[in-house]
Amino acid sequence: MFSKLLIANRGEIAARIIRTCKRLSIQSVAVYSEADQDAPHVKEADESYLIGKPRVNESYLNIDKIIKVAKDSGAEAIHPGYGLLSENAAFAKRVEEEGLTFIGPSAEVIAKMGDKVEARNVMKQAGVPVVPGTMDAVSDVNEAREVAEDIGYPVMVKAAAGGGGIGMQAVSSSEELEKAFEGNQKRAKTFFGDGKMFIEKQILNPRHIEIQVLADLHGHALHLFERECSIQRRHQKVIEEAPSPFLSEETREKMGESALQAVRTLGYANAGTIEFLVDEDENFYFLEMNTRLQVEHPVTEEITGVDLVEQQLRIASGEALTLKQNDLVIDGHAIEVRVYAEDSNTFYPSPGQLTKLSLPNDKGVRHELAVHSTSMVSPFYDPMIAKLIVHAGTREEAIQKLTTALHQYEIEGIKSNLTMLKRIVTNEHFLQGNTTTSFIQDYYLPAITKP
Amino acid sequence: MTEIKASMAGSVWKIVAQAGEQVGTGDDIVILESMKMEIPIASEEEGTVKELKVAEGDFVNEGDVIAIIE
């Protein structure tokens with residue numbers, strides 16, 4: 001195991017990784033920008049180094065600077081957290097070239113899974129179901145039209161390099177397709193420098209359900225069940241839970257087996273997540289693979305009792321997994337809500353000075369925090385300031401616990417989405433487990449516009 | 001005369017309409033950036049941009065006046 005780890009990230013996830021380091025007696029090294037001098041991760045690490053100005057290009061994405069801090073401080077490995085450099089193949093390669101260990105899979109696997117077209121091809125070869133559509137990028141709008149007529153409308157027009165909903169559009173006719181193809185290709189070129197496009201069937205009323213996997217360097221792989229992450233706003237998740245209230249035991253097993261097939265085909269080693277779209281008949285289709293820790297990993301930790309960060313560190317240091325698939329059972333139900341500094345109705349960001357942060361404290365309530373009660377929430381980063389996770393025996397009890405916790409949760413000084421979260425967890429469709437990706441449009445927004 | 005106000009706190013990423021320019025209802029005046037999100041601030045009426053109260057890079061709070069349309 002490593003004796004010193006650098007965390008190339010910020011916010012709640014940096015603090016979360018430091019916590020596991022402390023438990024395993026690993027020295028932790030934090031890096032921070034000028035905007036984060038007062039952040040929890042800076043104080044909680046054993047050593048902290050200022051690496052630049054607030055904007056991520058000048059600090060958290062500055063590879064040279066981060067490598068230099070790692071070497072100067074004597075860190076042996078770098079944990080990239082999520083976002084930022086976590087799925088940057090060039091960074092992973094550089095870390096290894098410098099003689100350090102990257103906590104994640106090989107640069108080659110990161111690059112493969114980062115290209116949507118290639119990821120799809122790999123999964124199809126592995127026998128994982130994929131959404132019907134083109135296996136390679138279409139050459140032009142004419143080919144796109146032919147493909148669409150072949151698989152039938154509605155179809156999705158997607159940029160290979162797209163993300164966060166950018167470069168992606170549903171169309172239901174050839175006229176719409178022509179417009180969407182050119183518009184999205186142009187946007188993809190502007191945003192990602194890559195205009196490769198592909199066409200696939202649109203899955204109606206889908207759920208977003210993902211499988212957590214762990215795989216080591218010795219060929220062992222296991223899955224830690226699913227997370228239901230369908231409730232999203234602006235293509236970002238808001239509430240996640242495990243297990244899914246929708247999946248049958250049979251589908252759960254099939255999805256887990258598919259995820260393991262993917263892992264084995266790739267020769268994957270690290271914690272990872274295979275995201276699937278699941279339709280109303282429980283057909284599931286590969287969406288993408290995240291080759292890193294996920295924001296919502298705590299719900300899996302709560303229902304399995306496994307510390308995923310610890311497992312990542314053990315795998316990267318060359319240890320074999322000691323967990324066995326048969327040892328893993330689902331213990332109760334866990335739900336995570338993401339607390340965002342934003343308006344509950346418009347979802348507009350609300351940076352500013354926090355004047356109060358009062359947290360509920362009860363058995364089965366877990367907090368992951370990017371702020372403290374007098375933090376300045378800066379406009380430079382993602383609006384997520386905290387996560388609240390509850391764990392209980394059943395879904396009903398977990399929702400009850402979550403509702404109580406949300407009513408005790410107090411944030412003052414800036415706007416937060418607490419109002420939105422309280423409305424969602426008491427919404428009858430949420431209570432029934434009727435959580436599809438259009439939940440916010442179908443059930444939340446109509447409810448708040450009513451007088 | 002109408003004051004165009006910021007609908008969220010953030011920094012001024014881009015100025016789209018310069019002082020003296022003719023704008024219509026719904027035309028963007030500036031684009032604000034905050035927490036990895038870009039929000040255009042549009043004119044609420046037809047007229048001329050009489051004055052811009054902000055420059056690119058400025059930080060504005062919600063409700064701050066961004067421009068005056070006449």
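Chain B, then: of its 70 residues, 30% count as buried. Keep in mind that this is a predicted model.

What is chain B built from? It has eight strands and zero helices. Along the sequence the pattern reads β-β-β-β-β-β-β-β. The radius of gyration of chain B is 11 Å, and the globule rule also gives 11 Å for 70 residues, so chain B is as compact as a globular protein of that length. The C-alpha trace spans about 30 × 15 × 15 Å along its principal axes.

Now contact range in chain B. Take the contacts between residues at least 6 apart in sequence. Of those, 55% join residues at least 24 apart.

The ends next. For residues 1-70 of chain B, the end C-alpha atoms lie 4 Å apart. That span is 54% strand and 0% helix. UniProt lists these residues, 1-70 of chain B, as "domain: Lipoyl-binding". Note that the entry is unreviewed.

On to the sheet in chain B. Four strands form an open sheet, in the order E5-E4-E2-E7, and the pairing is antiparallel. Which strands sit at the edges? Strand E5, residues 37-42, and strand E7, residues 59-60, of chain B. Each of them pairs on one side only.

Look at one pair in detail. Strand E4 of chain B covers residues 28-34, and six bridges join it to E5(B). The two run antiparallel. Within that pair, Val30(B) stands opposite Ile41(B).

Next, where the chains meet. Nine residues of chain A are in contact with ten residues of chain B. On the chain A side, six of the residues are nonpolar, two are polar and one is charged. As a general point, interface size is often given as the accessible area lost when the parts come together. What I have quoted here are residue counts.

Over to chain A. Its domain assignment gives three entries: domain 1 is 4-103, domain 2 is 132-201, and domain 3 is 207-449. How far apart are the C-alpha centres of domain 2 and domain 3 of chain A? They lie 29 Å apart.

Start with helix H10, residues 297-304 of chain A. Why call it largely enclosed by the rest of the structure? Because eight of its eight residues are buried. The buried residues include charged-group names such as Glu301(A) and Glu302(A). His297(A), Pro298(A), Val299(A), Thr300(A), Ile303(A) and Thr304(A) are also on the buried list. Just after H10(A) comes Gly305(A), with a positive phi of about 75°.

What does E11(A) pair with? Begin with strand E10, residues 221-233 of chain A: four bridges join it to E11(A), and they run antiparallel. Ile231(A) stands opposite Ile239(A) in E11(A). E10(A) and E11(A) form a hairpin with two residues between the strands. In that hairpin, Arg234(A) takes a positive phi near 50°.

Then there is strand E14, residues 333-340 of chain A. Four bridges join E11(A) to E14, again antiparallel. Here Glu240(A) stands opposite Glu336(A) in E14(A).

Methods
Residues are numbered from 1 along each chain as its sequence is written. Chains are lettered from A and ligands numbered from 1 in the order in which they are written. This is a predicted model: local features need pLDDT of at least 70, side-chain atom pairs count only at pLDDT 80 or more; totals for chains, interfaces and linings use all residues. Two residues are in contact if their C-beta atoms, placed from the backbone, lie within 7 Å. The radius of gyration is taken over C-alpha atoms; the globule rule is 2.2 Å times the number of residues to the power 0.38. A residue is buried if 20 or more other C-beta atoms lie within 10 Å of its own, exposed if 12 or fewer, and partly exposed in between; C-beta atoms are placed from the backbone. Two strands pair if DSSP finds at least two bridges between them. Domain bounds come from an automatic or database domain assignment. UniProt positions are given in the numbering used here, feature names are shortened, and annotations may be inferred rather than shown by experiment.
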